[in-house]
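Subject: Structure handover

Hello,

Here is the structure you were going to look at. My notes follow below it.

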Amino acid sequence: MSTTADPLAALGALPGVADSVESVRKAVDRVYGHRVMRRRSSEVTAEAVLRGARASAALGGADWPLEEVRRRSDFGADAEARTVGAALRATAEAGQLLDVWRQSPLRVLARLHLVAAGGEADGERVGRPRLAGEPVEEPLASGLALPDAAEVSARLDALAQLVVAGTSAPALVVAAVVHGELMALRPFGTYNGLVARAAERIVLIGGGLDPKSVCPSEVGHAEQGADAYVEALKGYVSGTPEGVAGWIGHCGRAVGLGARESTAVCEALQRGAA
């Protein structure tokens, strides 16, 4: 990152990032301009939360059909069910944490992990960054080097300081950096991907890009596929300008695909089919 006073803003000048930001803004504006949003935006939001959670769980290894997620009430039967339940809880909780995020991002991350983990065993490790020697379960990022606990602590503190200080960077850039850092660090023993994608959602809402949370970026990440997700994440972890710009572009496409998903929801509601 740049050593300027606003390092996040400096990322907006990377090649291709401005085009990604503009493309995403247009895609989001199309959803917000749909006539259904004038009267039924709360329904679109609820559906976006559900679809986003389903997609985040799919990237976490539990790729269930949407209707299965919609109808189920028991999410404790097996590992996949627990992942789906964790995604539903974390994604729903994200919308309630915006004010806290602006003041204390680390509290929000702890809360997201606590909510995702629910009543699972090993409660001493829930809701706090991992300590030296503690294992991490995140199959999607298993091929990436795992920073040690000291580096995790230092980089989490730096990320929190950037968020609290504020930035002139577009919301897409901030969301991509938050998401990328959390996946690179994997600060918790479990559910890091779910927490990272929920945190991305919070930034997109709070940054004004998607204030009603109707453009589920999780859907776009899943639609691009796990391989593309990991490859783009490797670019971010590399720290090169090309790699970071590629990750931001990947996140931008995810938001755009999420906007397309919610446009389809709006069309269905307009037809009376949803």
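How are helix 3 and helix 5 oriented to each other: parallel, antiparallel, perpendicular or oblique? Before the answer, two remarks on the source. This is a predicted model, in which local features need pLDDT of at least 70 and side-chain atom pairs count only at pLDDT 80 or more, while totals for chains, interfaces and linings use all residues. Residues are numbered from 1 along each chain as its sequence is written, and side-chain values use heavy atoms, with hydrogens and water left out.

Helix packing

Two packed helices are described by the angle between their axes and the distance between the axes. Helices (H or I, at least four residues) and strands (E, at least two) are DSSP runs, numbered from the N terminus. Axes are lines fitted to C-alpha atoms, for helices over the stretch in contact, and angles run from 0 to 180 degrees between N-to-C directions.

Helix 3 (residues 36–59) and helix 5 (residues 79–94) have axes that come within 8 Å and cross at roughly 135°. The two helices are therefore oblique to each other; angles under 35 degrees count as roughly parallel, over 145 as roughly antiparallel, 65 to 115 as roughly perpendicular and the rest as oblique. On the helix 3 side, Val 49, Leu 50, Ala 53 and Ala 57 meet residues of helix 5 including Val 84, Ala 87 and Leu 88, where contact means heavy atoms within 4.5 Å. The residues of this contact are eight nonpolar, two polar and no charged. Ala, Val, Leu, Ile, Met, Phe, Trp, Tyr, Cys and Pro count as nonpolar, Asp, Glu, Lys and Arg as charged, and the others, Gly among them, as polar.

Helix 3 also packs with helix 10 (residues 192–206): the axes come within 9 Å and cross at roughly 145°. This crossing is right-handed. Among the residues in contact are Gly 52 and Ser 56 of helix 3 and Arg 197 and Arg 201 of helix 10. The contact divides into five nonpolar, three polar and two charged residues.

Salt bridges

The whole structure holds 17 salt bridges (a side-chain nitrogen of Lys or Arg within 4 Å of a carboxyl oxygen of Asp or Glu). In one of them, the closest N and O atoms of Arg 51 and Glu 47 are 2.7 Å apart. These two residues are four apart in helix 3, which means a separation of about one helical turn. Glu 47 is buried, at 14% relative accessible area (buried is under 20%, exposed over 50%, partly exposed in between, with a 1.4 Å probe and protein chains only).

Asp 99 and Arg 102 form a salt bridge at 3.4 Å. Asp 99 is exposed at 55%, and Arg 102 is partly exposed at 44%. Elsewhere, salt bridges that share partners join Glu 47, Arg 51, Glu 67, Arg 70 and Glu 261 into one network.

Single residues

His 113 lies in helix 7 (residues 105–117) and is buried, with a relative accessible area of 1%.

Arg 186 has a positive phi, near 45°, although it is not a glycine. Arg 186 sits in the loop between helix 9 (171–185) and helix 10 and is buried at 3%.

Regards

Key
Left-handed = near helix turned anticlockwise from the far one by under 90°.
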